[in-house]
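I opened this entry to log what I looked up, one item at a time.

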Amino acid sequence: MKKPRVCVLRTDGTNCDRETGYAFERAGGDPHLVHVNQLRAGEKKLTEYQILVIPGGFSYGDDVHSGKILAVELTSFLKEQLQEFVDSGKPVLGICNGFQVLVRTGLLPAAKIGDIRTTLMHNDSGRFECRWVHLRVEDTPCIFTRGLAGRVLHFQAAHGEGKFYTDAQTLASIEAGKQVVFRYATSNGDPTSIYPHNPNGSLAAIAGICDPSGRVLGLMPHPERFVDFTQHPNWRRRQFHEPHGLPIFRNAVAYAQEM
Ligand SMILES: NC(=O)CC[C@H](N)C(=O)O
């Protein structure tokens with residue numbers, strides 16, 4: 001079967017692009033690192049790709065607000081291309097800084113550029129938090145987590161601005177629409193607001209959300225950092241059936257292949 005072409009969008013300060021590309025490669029995709037300037041110059045177009053991923057990092061040094069400048073760049077210069085990509089039903093993934101970008105464009109949670117309803121704020125601890133966290137996978141329409149509902153995944157979190165926040169009405173609407181895909185949890189899978197299980201104080205323990213269709217996903221922790229067993233600190237104990245991040249990328253590849 002043909003490997004879907006994955007656009008791994010990068011810019012100044014992106015630092016998880018190669019490992020995100022590697023994760024898609026492991027999952028059967030055909031990743032391409034694309035600089036945002038190549039899109040702006042028209043050298044490359046989003047229509048050449050079947051999957052779009054915005055990887056983690058410190059785009060533009062987290063200046064102003066993490067992910068803000070890249071979000072403004074995308075919504076100012078690539079608005080039509082990007083909205084068209086989403087509307088055509090192709091999967092979009094934002095990891096950590098990529099999640100921050102998607103939230104600041106409005107693509108999450110509304111799938112609509114400019115409709116900004118949520119934010120990711122500075123962690124309650126006031127510092128960068130880097131540790132492995134447990135996430136409970138909720139039962140949602142998300143195409144990236146097909147077959148994973150109810151599972152407890154172990155991923156690495158590494159961020160300074162990861163506290164999900166929104167107003168009561170938006171929270172009620174994303175809960176009702178089953179758009180909360182991941183919650184920070186204890187190792188038993190119980191969602192928690194307690195630090196350090198919940199590394200940032202996120203509202204309703206939210207670690208990741210999708211759009212109403214389930215094709216746009218953003219999450220703070222890093223699935224691309226657990227696609228090989230040896231990336232886990234306890235890999236010698238062989239307690240995992242497979243690296244927890246891999247099915248997320250595999251699901252995206254399978255979905256793109258079905259399109
Ligand atoms: N790993 C990342 O993508 C970090 C995101 C962002 N720079 C933050 O600290 O919140």
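**Strand pairing**

I find strand β6 (residues 129-137) joined to β9 by 4 bridges, and the two run antiparallel. Two strands pair here if DSSP finds at least two bridges between them. Strands are DSSP runs of E with at least two residues, helices are runs of H or I with at least four, and both are numbered from the N terminus. Across this pairing, Arg136 stands opposite Arg183 in β9.

I note that the model is predicted: local features need pLDDT of at least 70, side-chain atom pairs count only at pLDDT 80 or more, and totals for chains, interfaces and linings use all residues. Residue numbers start from 1 along each chain as its sequence is written.

β9 also pairs with strand β10 (residues 206-210), through 3 bridges, antiparallel. There, Phe182 has Gly208 in β10 as its bridge partner. How many of the residues of β9 (180-185) are buried? I get 6 of 6, so I apply the cut-off: buried is 20 or more other C-beta atoms within 10 Å of a residue's own, exposed is 12 or fewer, partly exposed is in between, with C-beta atoms placed from the backbone.

Next I checked β1 (residues 5-10). It is mostly covered, with 5 of its 6 residues buried. It runs parallel to strand β2 (residues 30-35), with 6 bridges between them. Val6 pairs with Pro31 in β2.

**Helix α8**

Helix α8 (residues 246-258) has 13 residues. From first C-alpha to last it reaches 19 Å, close to the expected 18 Å. The expected span is 1.5 Å times one less than the number of residues. Its buried residues include Pro247, Phe249, Arg250 and Tyr255. Among the elements covering them are α1 (17-26), β3 (51-54) and β4 (92-95).

**Whole chain**

I count 8 helices and 11 strands in the protein chain. The radius of gyration is 17 Å, close to the 18 Å from the globule rule for 259 residues, so the chain is as compact as a globular protein of that length. That radius is taken over C-alpha atoms, and the rule is 2.2 Å times the number of residues to the power 0.38. Of the 259 residues, 50% count as buried.

**Ligand shell**

Which residues come nearest to the ligand? Of the 13 around it, they are Gly56, Cys96, Asn97, His159 and Gly160. Near means a C-beta atom, placed from the backbone, within 6 Å.

How values were computed. Two residues are in contact if their C-beta atoms, placed from the backbone, lie within 7 Å.
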